[in-house]
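Here are a few friendly notes to read alongside the model. Please keep the structure open as you go through the points.

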Amino acid sequence: MKVGLVKTAAIATMTAILATCGGATLAADTPTAKQLERGRYMAITGGCNDCHTAGFGPNEGKIPEQDWLLGSGPLGFNGPWGTTYASNLRLLIAGMSEYDWVKLAKTLKTRPPMPWFNVNKWREGDMRAFYQYVKSLGAAGQPALAYLPPDKAPNPPFVQWPSPPKQ
Ligand code: HEC
């Protein structure tokens with residue numbers, strides 16, 4: 001009985017130590033190589049570069065990694081919503097905590113053509129990995145151009161989005 005109690009106490013202490021050492025606090029500060037690789041994988045397969053990295057599509061993805069996710073640059077996305085510019089995710093993420101990023105990713109809602117509804121459905125581990133990966137690239141570039149309402153004509157270049165089909 002006594003031995004049993006000591007054992008239980010030892011296990012409880014070990015669990016507490018493990019929770020502090022291997023838990024979220026440490027992981028948030030020091031990403032593992034595996035986590036960075038997972039974040040990079042999410043950026044590529046999530047298609048984030050397609051809009052958030054200038055020239056990514058036309059160059060068949062051959063843009064140096066240090067220039068990834070700096071925003072769509074002068075390229076606007078024009079449609080019934082007005083004109084949007086894909087944000088500089090490097091500046092955004094450098095300026096926020098991992099906790100705030102996860103909160104944002106879960107509730108994100110923007111104007112088109114950003115597929116925010118897909119990001120909302122990422123697993124939390126993917127959101128954290130993406131944060132760590134983008135943060136590891138470092139803050140760089142300029143903030144995106146400001147959104148233009150539908151009655152303001154954008155300067156070229158811009159992608160002209162069709163109106164949704166009439167039902
Ligand atoms: C089809 C183009 C497109 C794709 C693909 C895309 N984005 Fe976006 N994204 C945009 C545009 C345009 C905006 C700006 C929307 C606005 O102004 O309302 C934006 C905005 C955002 C924002 C809000 C930034 C802020 O400053 O609040 C986040 C976060 C974001 N995108 C993350 C992602 C991630 C992560 C991926 C990959 C999974 C991704 N985007 C893929 C076009 C895209």
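In which loop does Pro-113 lie? Pro-113 is in the loop between α6 and α7 (116–119), and point 6 comes back to this residue.

1. **Ground rules.** This is a predicted model, in which local features need pLDDT of at least 70 and side-chain atom pairs count only at pLDDT 80 or more, while totals for chains, interfaces and linings use all residues. Residues are numbered from 1 along each chain as its sequence is written.

2. **Confidence.** The average pLDDT of the chain (pLDDT is the predictor's confidence in each residue, from 0 to 100) is 88, and 83% of the residues score at least 70. Please take care over residues 11–27, where the pLDDT is below 50 and the stretch has one contact in the model beyond near neighbours in sequence. Two residues are in contact if their C-beta atoms, placed from the backbone, lie within 7 Å. Where pLDDT is low, the predicted coordinates should not be read in detail.

3. **Layout.** The chain has eight helices and three strands, taken as DSSP runs numbered from the N terminus (helices H or I, at least four residues; strands E, at least two). Starting at the N terminus, their order is α-α-α-α-β-β-α-α-α-α-β. Of the contacts between residues at least 6 apart in sequence, 68% join residues at least 24 apart.

4. Of the 167 residues, 23% are buried; a residue is buried if 20 or more other C-beta atoms lie within 10 Å of its own, exposed if 12 or fewer, and partly exposed in between, with C-beta atoms placed from the backbone. Leaving aside neighbours within four places in sequence, Ala-43 is in contact with Cys-48, Asn-49, Trp-68, Leu-69, Phe-130 and Tyr-133.

5. **Helix packing.** Have a look at α6 (residues 98–107) against α8: the angle is about 125° and the axes are 9 Å apart. Axes here are lines fitted to C-alpha atoms, for helices over the stretch in contact, and angles run from 0 to 180 degrees between N-to-C directions. The pair is therefore oblique, given that angles under 35 degrees count as roughly parallel, over 145 as roughly antiparallel, 65 to 115 as roughly perpendicular and the rest as oblique. Glu-98, Trp-101, Val-102 and Ala-105 of α6 meet Glu-124, Met-127, Arg-128 and Tyr-131 of α8.

6. **Cis peptides.** Pro-112 and Pro-113 are joined by a cis peptide bond, with omega about -5°. Another cis bond runs from Pro-156 to Pro-157, with omega near 0°; Pro-157 sits in the loop between α8 and β3 (158–160).

7. **Positive phi.** Most residues other than glycine have a negative phi, and most peptide bonds are trans. Glu-60 has phi near 55°, and Leu-69 has phi of about 65°. Glu-60 lies in the loop between α4 (48–52) and β1 (76–79), and Leu-69 is also placed between α4 and β1. Buried or exposed, what are Glu-60 and Leu-69? Glu-60 is exposed, with 7 other C-beta atoms within 10 Å, whereas Leu-69 is buried, with 26 C-beta neighbours inside 10 Å.
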